[in-house]
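I opened my notebook today to look at how two chains meet. Below is what I looked up, in the order I went.

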Amino acid sequence: MTKTPLIRPCTLVWLILLALTGLTWFIGESGITGMAIVGFVLATTLFKSQMVVDYFMGLKHVRAAWRGLLFGYLLLVCGMIGVAYYISLT
Amino acid sequence: MTTSRKHDAGGLPGDFAIWIFIFAELLVFGVFFLAYAFSRANNVELFNESQLHLNRIAGAANTVVLLTSSYFVVRAVAAIRADNARRCGHWLLSAIGMGSVFLVIKMFEFGEKFSAGISLSTNTFFMFYLSLTFFHFMHVILGIVILAAVLLKARSGGYSAANHTGVETGASYWHMVDLVWLILFPLVYVIH
C-alpha cells in the first residue's frame, strides 16, 4: 500500500519559497547590509529560483543540459549582481 | 509537483517553441538586471537614497502573490494529468485571480510614484525601476491572457491526461514570469 505524504511536495516547496521571501523582506526592512548580507540574499535568490525551475517548471528530471542551462543563467545573473555590488563597495 | 512528459526536446514540458521564447525573455531580463546592477555601482548614493521611496511591503506582497499563483498553476497541471479538467480549470482561475491581484498592487505602486511626481526622467534609479517593473508588468498581462486561453480550452474539454501540452506550455510561461520577479524583487527593493 502506498503511504500518502502528510503534505504534497509542491505545497512544501511553496511554503519554503514563502518563508524565504519573508526572510528577504526582513533583511531589507532591518537595514542591515554589507557584502556578506548581500551574498546571503543572492544565494537565497539563487536557491529559490532553482526551486521554481526544478519543482514548479518541472525541470528536475529533464535532460541535464536544459536544467544546467537555466542554472548557469541564474548563477551568472546572481553572481554578476554580486560582482557589481562588490565594485560599489570599492 | 510538475513532472514533465518526455517530448523530443529532452523532456521540456509543453511546446518547445515556448522555451525558445522563455530563453529569449530571460536573456533580455538578464541584460536589464545587470545594466541596473552596474549602473548602481557607479551611483551608489543616488540608488540607495531613491530606493528608500519604494514600497517594500508591496514588493514582498507581490512576490508572495506570484509564488502563490505559480503554485496554483502547478496544481492545475497536476489536475489535468489526473484527467480532472474541471479541477484544472478551478486552479487556473485561481492563478489568474492572483495574477490580477499582482497587477492591482503594482498599479497602486505606480500610482503612488506618479502622484509623488516621480517619472522616468526623475533620475537613473527611477528610470530603471519604472521601466523594469513596467516591462515585467506587461509580461504578467501576457501571462494572464495565455492562462485565460488555456482555461477556456480546458473548460470546453480540450485537454485530457493524454493531451495537455497546452496546459504545460502556459504553465511554463507563467513560471518564467514568476522566476524573473524572484530576481527583480531583491535586486531593486532589497539590496542596498
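This is a predicted model: local features need pLDDT of at least 70, side-chain atom pairs count only at pLDDT 80 or more; totals for chains, interfaces and linings use all residues.

**Entry 1: the buried area.** I started with the area buried between chain B and chain A, which comes to about 4,100 Å². Carbon and sulfur atoms give 77% of that area. Next I looked up who takes part: chain B puts 48 residues into the contact, and chain A puts in 45.

**Entry 2: charges across the interface.** How many salt bridges does the rule find across the interface of chain B and chain A? I got 1. The partners are Glu29(A) and Arg56(B), and their closest N and O atoms sit 2.9 Å apart. The cut-off for a salt bridge is 4 Å, so this pair passes. A reminder to myself: side chains of opposite charge can pair when their charged atoms come close.

I also looked up polar contacts, and 11 residue pairs turn up across the interface of chain B and chain A, with both residues at pLDDT 80 or more.

**Entry 3: the chain B side.** Which helices of chain B supply at least two residues each to the side that touches chain A? I noted down helix 1 (16-42), helix 3 (56-81) and helix 6 (165-190). Helix 1 of chain B gives the largest share, with 13 residues. Sorted by class, this side of chain B has 31 nonpolar, 11 polar and 6 charged residues.

**Entry 4: empty space.** Rolling a probe the size of a water molecule over the atoms shows where empty space is left. The search of the whole structure gave me 3 cavities of 30 Å³ or more. The largest cavity holds about 50 Å³ of space.

What lines the largest cavity? From chain A I wrote down Ile81(A), Ala84(A) and Tyr85(A). From chain B I have Tyr36(B), Ala37(B), Arg40(B), Leu187(B) and Ile191(B). Helix 3 (64-89) of chain A and helix 1 of chain B each supply at least two residues of this lining. By class, the lining has 7 nonpolar residues, no polar ones and 1 charged one.

**Entry 5: salt bridges overall.** Last, I searched the whole structure and found 5 salt bridges over all chains. One of them joins Arg67(A) to Asp54(A), at 2.6 Å from N to O. This pair links distant parts of the chain: Arg67(A) is in helix 3 of chain A and Asp54(A) is in helix 2 (residues 35-56), 13 residues apart.

How values were computed: Residues are numbered from 1 along each chain as its sequence is written. Chains are lettered from A and ligands numbered from 1 in the order in which they are written. Side-chain values use heavy atoms; hydrogens and water are left out. Contact means heavy atoms within 4.5 Å. Buried area is the accessible area (1.4 Å probe) that two parts lose on being put together, summed over both. A salt bridge is a side-chain nitrogen of Lys or Arg within 4 Å of a carboxyl oxygen of Asp or Glu. A polar contact is a pair of N or O atoms within 3.5 Å; within protein, one must be able to donate a hydrogen and the other to accept it, and residues adjacent in sequence count only if both atoms are side-chain atoms. Helices (H or I, at least four residues) and strands (E, at least two) are DSSP runs, numbered from the N terminus. Ala, Val, Leu, Ile, Met, Phe, Trp, Tyr, Cys and Pro count as nonpolar, Asp, Glu, Lys and Arg as charged, and the others, Gly among them, as polar. On a 1 Å grid over the protein atoms alone, a cavity is a set of points where a 1.4 Å probe fits but cannot get out, and a pocket is an open set with protein on both sides within 12 Å along at least five of seven lines; lining residues have an atom within 4 Å of a point. Grid points are joined across faces, edges and corners, and a volume is the space filled by probe spheres set on the points.
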